[in-house]
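Subject: Structure for your review: aromatic contacts

Dear colleague,

Please find below the structure I am handing over to you. My notes on its aromatic side chains follow.

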Amino acid sequence: MKILLVNPEFPDTYWSFRHALPFEGKRCAFPPLGLLTVSALLPQSWERRLIDLNVERLNTSDIDWADMVFATAMLVQKESLKEVVQRAKARGKRVVLGGPYVTSTVEQLPDADHIFRGEAEETLPQFVADLARGQTKRCYQATQRPALSVTPIADFGLANLKRYSAMSVQYSRGCPFSCEFCDIIEIYGRVPRTKSNQQMLAEFDALKALGWRGTVFIVDDNFIGNKKNVRQLLPDIARWQEANNYPFQLITESSVNLADDEPLLQSMRRAGFHRVFLGIETPVEESLQEAQKSQNRGNLLDSVRAIQRNGIEVMAGFIVGFDHDPEDIFERQIDFIRRSAIPLAMVGLLNALPDTQLWKRLDREGRLLGEASGNNTVCTFNFKTRMDPALLIRGYQTIMRTIYGPSEYYQRVLDSLRRTTRVHSEQHLYTPIAGLAALMRILVKLGLIDRERKEFWRFFVQALTKHRTQFADALRLAAVGYHFRKLSDAYGEN
Ligand code: B12
Ligand code: SF4
C-alpha cells in the first residue's frame with residue numbers, strides 16, 4: 001500500500017512567519033506533526049511520502065504514485081484542502097481526511113472517502129483492519145480520547161527537516177481551563193493527558209539522531225495543564241539536555257498561572273526553555289470574566305515579568321472584540337503590550353469557532369453569522385459584535401501598525417532582552433556558515449534595502465553593545481518583526 005500524506009497550504013498570516021523565514025533560509029516554521037503521527041500509526045510495511053504544500057509542490061505524479069491520499073487541515077487551510085481533495089479524486093484516488101478542521105467544522109465536508117473525527121490513535125488501526133476485511137466505513141469517530149501512552153514516535157524522518165525552522169513534539173493534549181472561545185477543550189478535552197518521560201526522551205533522541213539542532217516546539221495546548229507530571233518531566237529533560245550539550249532550545253504554550261510557580265519556572269529554565277506563548281488576551285478585567293479566563297488574575301504585567309526573570313521570552317496572544325471591551329480597548333492593549341516587553345504579540349479579532357461555548361452562546365443570542373475563516377487576524381467577524389465593527393477593525397489595525405512600527409517594536413525587543421538574561425545562549429545552535437548567511441541576509445534586507453534601515457541600525461548597535469550574548473536572539477527577533485510589519489502594512493490597506 002502506498003500512502004501520500006498531504007499538508008495543505010497556510011495563507012499568509014502572522015503565524016506563517018513567511019516574511020521572516022527566508023532570512024534563515026527556511027520555507028516553513030513547523031512540520032505537520034499530526035500527519036507525521038498518522039504515518040507512524042500505519043503498518044510499517046506500507047510505503048509513505050509526505051508532501052507539505054508549505055515547502056513544496058504537489059505534482060500529479062505524486063498523486064499517481066499513491067494508492068490513497070491522506071490529508072489533514074486546520075480551518076484556516078480549508079480552501080487548499082478542497083483543492084487537494086479535488087485533485088486526488090480526479091486521479092481516482094481514495095481520499096482520507098482527519099485533523100481539527102474536519103473534526104470541528106459545521107460546514108459540508110469535502111467529498112472524501114473517509115473522514116476521521118478526533119484523535120486517530122485508536123480509529124486508524126480499526127480502519128486498517130476494516131480495509132483488510134473489505135468493510136471500511138465513511139466516518140471514523142473516536143469514541144474516547146486515547147491515552148498518549150499509545151501515541152508512537154512521529155515519523156520525523158518523512159519530513160525534509162532542512163526546510164523547517166523548528167521541529168514539533170507533543171507532551172500533552174487538553175487543558176483544565178474553560179475559556180469561552182476555546183475549541184481546544186472541545187476537541188482535546190479538559191483532562192490533560194501526558195506522555196511518559198521515557199516517551200518524551202525517546203522523541204528527543206529521534207530528532208537528535210536525525211541531525212536536528214535548534215528550536216523544538218512542545219506543541220501542547222497548555223504545557224502545565226498537568227503540573228504534577230510536568231514537575232517530574234522537567235528534571236529528566238534537563239539531564240538529557242546537559243548530557244547532549246543542549247542541542248535544543250525549547251518553546252511551548254502555557255496558561256498565565258505558570259508565573260505563580262517559581263520552582264516550576266526555574267525547572268523550565270534548567271531544561272532549556274527559551275520562549276513561552278501565553279494566552280493573555282486582554283488587560284480588561286470585565287472581558288476576562290466574560291471569557292471565563294479566571295486563571296488570568298492579579299497583575300498580568302507582574303506575571304509576564306516573573307517569567308522573563310527566569311530567562312524565558314514571553315510571546316502572547318491578545319484579543320479584541322469581546323462584548324465588554326470598552327471604547328479605549330485599543331489604547332489599553334497597546335499600552336499593555338508596550339509595558340510588558342512582549343516582542344511577539346499576536347493580536348487577533350475575536351472569532352467564534354464551531355462547538356465552543358462562545359459559539360453556542362452567540363447562537364442562542366441570534367448573533368452568529370456563519371463559520372469563521374479560522375484566521376483571526378484578517379478583518380472579518382462571524383458574529384454580530386457589540387462595538388461597531390468598522391470601529392473595531394480600525395482600532396485593530398491601529399494596534400497592529402503601532403506595535404509593529406519599527407521604533408516601538410525594537411524598543412520592546414531591547415526591553416525583553418534586558419529582562420530575560422539566559423544561562424544558555426542560542427549562538428552555539430547555529431553553524432558558522434548558516435549563522436553568517438543569516439546575518440548577511442538580515443544586513444542586506446533590513447540594513448540596506450528596507451526603508452526603516454535607520455531604526456534597524458540603531459537597534460543593531462544597542463543589541464551588539466548591550467546584549468552581545470543574546471545577539472542571535474536579537475537578530476531573530478528583528479527578522480520576525482519585519483514579517484509582522486509587512487503583514488500589518490498589508491492588512492492595514494484592507
Ligand atoms: C502547533 C500548532 C500550530 C503551529 C503549526 C502547526 C503545523 N505546522 O501543523 C502554528 C503555531 C504555526 C499554528 C498556527 C495556527 N493555528 Co495552530 N495549533 C497548533 C497545535 C498547538 C498543535 C498542532 C499539533 O501538532 N498537534 C499534534 C498532533 C499529533 O495532533 P493533531 O494534529 O490533532 O493530529 C491528531 C488527530 O487530529 C488526527 N489527525 C490529524 N490529521 C489527520 C489526518 C488524517 C488523514 C487522519 C486519519 C487523522 C488525522 O491524528 C492525530 C493523532 O491523533 C494545535 C492544538 C492541538 N492540540 O493540536 C493548534 C491548532 C491546530 N491551531 C489552531 C489555530 C486556530 C491556528 C491559527 C489559525 C491561529 C490563528 N489564530 O491565526 C494559526 C494558523 C496557521 C497559519 N499559518 O495561518 C486551532 C485549529 C482550530 C480548527 N478547528 O481548525 C488548534 C486546534 C488550536 C486552537 N484552538 O487554537 N498552530
Ligand atoms: S487556557 Fe488556553 S487552551 Fe486552556 S481553555 Fe483557555 S484558551 Fe483554551
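Two rings of Phe, Tyr or Trp (for Trp, the six-membered ring) are taken as a pair if their centres lie within 6.5 Å. Please note that this is a predicted model. By that criterion, the structure holds 26 aromatic pairs.

One of these pairs is formed by W15 and F277. Planes under 30 degrees apart count as stacked and those over 60 as edge-to-face, with the rest tilted; the W15 and F277 planes stand at 50 degrees, so this pair is tilted, with 5.4 Å between the ring centres. W15 is partly exposed, at 41% relative accessibility, while F277, at 14%, counts as buried.

A second tilted pair consists of F181 and F322, whose centres are 6.4 Å apart and whose planes make an angle of 50 degrees. Because F181 lies in the loop between β8 (172-173) and α7 (184-187) and F322 in the loop between β13 (313-320) and α13 (329-340), this pair ties together parts 141 residues apart in sequence. Both F181 and F322 are buried.

W15 and F277 also belong to one aromatic cluster, together with Y14, F17, Y404, Y409, Y410, F459 and F484. Y404, a member of that cluster, has the charged end of R412 over its ring, 5.5 Å from the centre. Likewise, the charged end of R49 sits over the ring of W65, at 4.1 Å from the ring centre.

Yours sincerely

Conventions: Residues numbered from 1 in each chain as written. Chains lettered and ligands numbered in written order. Predicted model: local features only at pLDDT ≥ 70, side-chain atom pairs only at ≥ 80, totals over all residues. Heavy atoms only, no water. Buried < 20%, exposed > 50% of the residue type's maximum accessible area, 1.4 Å probe, protein only. Helix = DSSP H or I, 4+ residues; strand = E, 2+ residues; numbered from the N terminus. Lys NZ or Arg CZ within 6 Å of the ring centre and 35° of its normal.
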